[in-house]
Amino acid sequence: QFQLVESGGGLVQPGGFLKLSCTASGFSLDNYAIGWFRQAPGQGREAVSCIGTNDGSTFYKDSVKGRFIISRDNAKNTAYLQMNSLTPEDNGVYYCAAVGFPLAASAMCRLTTNGIDYWGKGVLVTVSS
């Protein structure tokens, strides 16, 4: 049973922060590139941030650069997305994704849905006063 399970979503005020977690079950993230994708109501799924398989590379969508930090802890089989200075434009369902292939972060974030090996079920992030 191969799964990605996200946690850490919720409701926060503008300017607040959240830390999302993505834990793999049934496989090791050591050999996987990881990405966080976001889908707002009525919109398509877009890449927010990615981290390379094993080259240390990271990629951020322009609108979150300087506010979000992606990281991974292979010993815990978990990836994270620290989200700071949140705004309503950050609203949406955040999905963790993994690809079992040597990829740099930028390549991971260019993949379409069909190119992803595993998806989490998503967590809702709502930024509202």
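Student: Which residues are linked in a network of salt bridges?
Tutor: Arg38, Glu46, Lys61, Arg67 and Asp90. Keep in mind that this is a predicted model.

Student: How many salt bridges does a search of the whole structure find?
Tutor: Five. One of them joins the side chains of Glu46 and Lys61, at 3.1 Å from N to O. Glu46 sits in strand β5 and Lys61 in the loop between β6 and β7, so this pair ties together parts 15 residues apart in sequence.

Student: Which residue does Asp62 meet in a salt bridge?
Tutor: Lys65, with 3.8 Å from N to O. Asp62 and Lys65 are both exposed.

Student: New topic. How many disulfides are there?
Tutor: Two. Counting bonded cysteines along the chain, the pattern is 1-3, 2-4.

Student: Start with Cys22. Which cysteine does it form a disulfide with?
Tutor: Cys96, with the sulfur atoms 2.0 Å apart. The link is left-handed, with -75° about the S-S bond. Cys22 and Cys96 are both buried.

Student: And what handedness does the disulfide of Cys50 and Cys109 have?
Tutor: Right-handed, because the torsion about the S-S bond is about 100°. The sulfur atoms of Cys50 and Cys109 are 2.1 Å apart. This pair links distant parts of the chain: Cys50 is in strand β5, Cys109 in helix α1, 59 residues apart.

Student: Are those two cysteines buried or exposed?
Tutor: Cys50 counts as buried, at 0% relative accessibility. Cys109 counts as buried too, at 11%.

Student: Let's do strands. In what order do the four strands of the open sheet run?
Tutor: β1-β3-β8-β7, with antiparallel pairing. The edge strands are β1 and β7, each pairing on one side only. Neighbouring strands are turned by 15° against each other on average, direction ignored.

Student: How many bridges join β7 to β8?
Tutor: Six, and the two strands run antiparallel. Ile70 has Leu81 as its bridge partner in β8. β1 and β3 pair over five bridges, also in the antiparallel sense. There, Val5 has Thr23 of β3 as its bridge partner.

Student: Which residues make up the covered face of β7?
Tutor: Phe68, Ile70 and Arg72. The uncovered face holds Ile69, Ser71 and Asp73. In a regular strand, side chains alternate between the two faces of the sheet.

Student: What about the hairpin of β7 and β8: which residue takes a positive phi?
Tutor: Asn77, near 55°; four residues lie between the strands. Asn77 is not a glycine. Most residues other than glycine have a negative phi. Asn77 is buried, with a relative accessible area of 16%.

Student: And what is the phi of Ser85?
Tutor: Near 50°, again a positive value in a residue other than glycine. Ser85 is in the loop between β8 and β9. Ser85 counts as partly exposed, at 41% relative accessibility.

Student: Last one, the inside. Which residues touch the most other members of the largest nonpolar core?
Tutor: Phe68, Met83 and Tyr94, in a core of 27 residues. Elements giving two or more residues to this core include β5, β7, β8 and β9. β3 gives the most, with four residues.

Student: What does Tyr94 touch, leaving out residues up to four places away in sequence?
Tutor: Its contacts include Leu20, Trp36, Phe68, Leu81, Met83 and Val125. Another core, of 12 residues, lies apart from the largest one; among its members are Ala33, Ala47, Leu103 and Ile116.

Definitions and conventions
Residues are numbered from 1 along each chain as its sequence is written. This is a predicted model: local features need pLDDT of at least 70, side-chain atom pairs count only at pLDDT 80 or more; totals for chains, interfaces and linings use all residues. Side-chain values use heavy atoms; hydrogens and water are left out. Buried means under 20% relative accessible area, exposed over 50%, partly exposed in between (1.4 Å probe, protein chains only). Two strands pair if DSSP finds at least two bridges between them. Axes are lines fitted to C-alpha atoms, for helices over the stretch in contact, and angles run from 0 to 180 degrees between N-to-C directions. A disulfide is a pair of cysteine sulfur atoms within 2.5 Å. A nonpolar core is a set of buried Ala, Val, Leu, Ile, Met, Phe, Trp, Tyr and Cys residues joined through side-chain atoms within 4.5 Å. Contact means heavy atoms within 4.5 Å. A salt bridge is a side-chain nitrogen of Lys or Arg within 4 Å of a carboxyl oxygen of Asp or Glu.
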